[in-house]
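The sequence and the model are shown first.

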Amino acid sequence: MRDLFGQSTAVFASLAGPAHRVEAANPAFVAAIGGEERIRVGLPLGQLMPELAGQGFLAHLDRVYRTGERHVGRNARVVLGVGAEAREAFFDFTYEPRLDAGGNVIGVRVIGVETTQLIQAQRLTVEHRALVEQIARQAPLDQVLEGMARAIEELTPEEVLVSVLLADADGRHLRHGAAPSLPDFYNRAIDGIATGEGVGSCGTAAHRRAPVVVTDIATHPFWDDFRDLAGRARLAACWSTPILARDGSLLGTFAMYHRTPRVPQDADLALARVFADTAALAVERHRAEEARRAAEAREKAARADLAFLLEASTLLTAGLDHTQTLQRLAGLCAPKLAPLCAVDVVEAGRVRRIATAAPTEGEDALLAAHIPVYDADDDAVARVLASGLSEVARRTPTGAGPWQDLKVTGYLCVPLLDRGRTFGTLTLLTTGEHTFDGHTVALAEELARRGASAALNARQYAQRVTLARDLQAGLLLPEVPALRGVQVATHYHPAGEGLDIGGDFYDVFPLAGEAWAFMLGDVCGRGATAATTTALVRHTARAVAPLLPGPGSVVQAINKALLDRPHSHGTGFVTLVYGHLEPTADGGVDLTFVRAGHTLPLHMDTRQGARPVVGEGSLLGIGTDLHLEVSHLHLRPAESLLLYTDGITEARDRTGEQFGEDRLVRTLTASRPATTAQEVIDTVTEAVRAFSGPHERDDDQAALVLMAAPPPRR
């Protein structure tokens, strides 16, 4: 038996008697129990290895000796040694009785195979599978790495301390990842070490992209700069394996430290490779997840910025007042981009603070009271006005200001541009720890661009409306003239927002004696061309009326003037009611007029209500052959004649129905008799407004009322 097991890796021992004295043992058995110093032939096994007493092994030996029956144990766990020298081991044991020639049991033969490495491998496989499952479930990276380190430390037979360092994005430095058993001071000291040749085991492995084995830290040159640190941590050997991504880029390092100098076995190197690859999987999965979350965060931030800018654009363009637009701009910036905001514009060579926004009324008042100096070199607003470039700083603005009272710690000043020319600035002010990053600067500049565009559009709109109103006023009566015995009232309302000059017009002007001319018409089209045609009609009538015998002749002259106009002045037709009036001795008014394609005038008497005055007439500006019918009408006191454009009768309600001539007649007939010309106008306009509602009108509306003055009350 000694010859058979002398060179075998299986353990063998021959025990004698009930005390299980050791008679013989092979080298494998001696090595397994802790070396030559623990084995002495002739002494009981329990005396040589007292740690076995409480683990059941001696009881098994007693039973085999007593019964003579064989005992087999599979993967039996045994703790060999005591104290710091103790180690866990696993064996497959066979206890066989030793018999003499008479068949009597004289001892026990122990044969076993150590299965520690197999058990450890199985446990590591289970732990490895659990780690892979954690990675698949996207467990936090620090949990995965720490769990991996602890699993290796607990399952490796020899004492080992595991460390994982993670590479920065540029691969130039290594950061702490996991090292549950290394001292905190050691982890802090190596956190952030550079990668490079000779920078310890880990720095060198990361630099070489290859494993680096240092069996004795005390003598190896790679550890010259870290030897004292390793000594304080009681580290004697370090084997480091780089953690590499699938594309070969550096992810970190996996290191195994030992308390005593030690050369790795093939199994150690294989273990390091397996878990370095596992760590690579975990790190790559973590980085991919971080990249996904970062992309989602960027997308969410981009959507939020876009929503903010869209909402801001809507608010900035909601009104058409230049000042209010810039005030909205300040309100959008604070507190979204900064706690404090001010908008300044240049007017007549001076800076005017047009808007402010602040958390409290007191702070707002302080900010509003400060006016930058336009040409001051030490003022940020002045510099931005001069350069047209944004200026940002993590300090209070230069120049005088309430910066200390407002606790300002930084500023961003952005130009407001009009086709490259700076007409104002948007200034954001920070307080406390808040600072301006590139994202905030870009957002502020985009908001300033939109705010400037909206403000300029509002200014241009206001200027255009003013111009249109001024031109329109020039085409209408500046004021209603006073006529003896006749009341005159007028109404004009442009379509839409009043940006274009309308085509509706009216006029009243004197003739010889007490006679007066009156007209109301509608030019086809709008804008400058309509204004040109309106002016042509009015000026022609005023020029020829004193020279021609009656309304028909005047309208003929107007038609000829329209036909003779240049094409550049328009070619559209004109509808018109033109006539002459003269007070009579009975307090009434005689009217003579023609209707050229226009809506029918309405005669309102004091008894029968309103009725149309029918008279044929062709459109003007179409051809030379006019068919005009002259109408004569005598207005008694308190009777009136209403001239109106089709913008009144064609006004629509929400369903699209038109107001119509019949409704106009019914409205006037149903109302109480008017005592002034203005009452007639008010009755018509109120009825149209109530019918059509608050929405914008599609066409211009104009009306002219001539009323024979009622007799004085007694």
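## Salt bridge, backbone and packing features

E146 forms a salt bridge with R150, the closest N and O atoms being 3.3 Å apart; a salt bridge is a side-chain nitrogen of Lys or Arg within 4 Å of a carboxyl oxygen of Asp or Glu. Both E146 and R150 belong to helix α6 (residues 141-155) and are four residues apart, about one turn of the helix. The structure holds 29 salt bridges. Helices (H or I, at least four residues) and strands (E, at least two) are DSSP runs, numbered from the N terminus.

This is a predicted model, in which local features need pLDDT of at least 70 and side-chain atom pairs count only at pLDDT 80 or more, whereas totals for chains, interfaces and linings use all residues. Residues are numbered from 1 along each chain as its sequence is written, and side-chain values use heavy atoms, with hydrogens and water left out.

Most residues other than glycine have a negative phi, and most peptide bonds are trans.

| Feature | Value |
|---|---|
| Peptide bond from A334 to P335, cis | omega near 5 degrees |
| R234, positive phi | phi near 60 degrees |

P335 is found in the loop between α11 and β12 (340-347), and R234 in the loop between α9 (227-232) and β10 (237-244).

The axes of helix α10 (residues 266-316) and helix α11 (residues 322-333) come within 9 Å and cross at roughly 155 degrees. Axes are lines fitted to C-alpha atoms, for helices over the stretch in contact, and angles run from 0 to 180 degrees between N-to-C directions. The crossing angle therefore makes α10 roughly antiparallel to α11 (over 145 degrees). The contact, meaning heavy atoms within 4.5 Å, is made by F308, A312, L315 and L316 of α10 and by T325, R328, L329 and L332 of α11.

An open sheet is formed by five strands in the order β17-β26-β25-β22-β23, with antiparallel pairing; two strands pair if DSSP finds at least two bridges between them. β17 (486-493) and β23 (610-612) stand at the edges with a single partner strand each, so one side of each is left without a neighbour in the sheet. On average, neighbouring strands of this sheet are turned by 20 degrees against each other, direction ignored. Strand β22 (residues 602-604) is joined to the antiparallel β23 by three bridges, and L602 stands opposite P612 in β23. Helix α20 (residues 677-692) packs on the sheet, touching β17, β22, β25 (640-644) and β26 (701-708). The direction of α20 makes about 25 degrees with that of β17.

Key. Parallel < 35°, antiparallel > 145°, perpendicular 65-115°, else oblique.
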